[in-house]
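Here is a quick, friendly tour of the structure. Take a look first, then read on.

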Amino acid sequence: VIAELRQQLSDFDVSANDTVEAHRGLLAALFSAQEFAQFELHLQSYAFSEAQELLERAAAKSGIWETSG
């Protein structure tokens, strides 16, 4: 799910919103409440690059995703 969402955000694919809705509980667990609220605000305003950055940071912090560099 994380890789799929990351790809959607990278592609500026509006279906990223549907992915977040379908997996809200899983994704919310990656973030603090404040971070998840910020992530959702980025999605709602189609700021996908910013949302992707937050997702990658949260996933890396959780040990799910390795950052490159």
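How many aromatic pairs does a search of the whole structure find?

## Aromatic rings

The search turns up five aromatic pairs, where rings of Phe, Tyr and Trp (its six-membered ring) pair if their centres lie within 6.5 Å. One aromatic cluster is made up of F12, Y46 and F48.

Keep in mind that this is a predicted model, where local features need pLDDT of at least 70, side-chain atom pairs count only at 80 or more, and totals for chains, interfaces and linings use all residues. Residues are numbered from 1 along each chain as its sequence is written, and side-chain values use heavy atoms, leaving out hydrogens and water.

## α4 against α5

Helices here are DSSP runs (H or I, at least four residues), numbered from the N terminus. Helix α4 (residues 33-44) and helix α5 (residues 48-61) have axes, lines fitted to C-alpha atoms over the stretch in contact, that come within 8 Å and cross at roughly 150°. The two are therefore roughly antiparallel (angles over 145 degrees, on a scale from 0 to 180 between N-to-C directions).

On the α4 side, the contact (heavy atoms within 4.5 Å) uses E35, Q38, F39, H42 and L43. On the α5 side, F48, E50, A51, L54, L55 and K61 take part.

## α1 against α5

Helix α1 (residues 2-10) also meets α5: their axes come within 9 Å and cross at roughly 155°. That makes α1 roughly antiparallel to α5. I2, L5, R6, L9 and S10 of α1 touch F48, A51, Q52, L55, E56 and A59 of α5.

Definitions and conventions. Parallel < 35°, antiparallel > 145°, perpendicular 65-115°, else oblique. Phe/Tyr/Trp six-rings, centres within 6.5 Å; stacked < 30°, edge-to-face > 60°.
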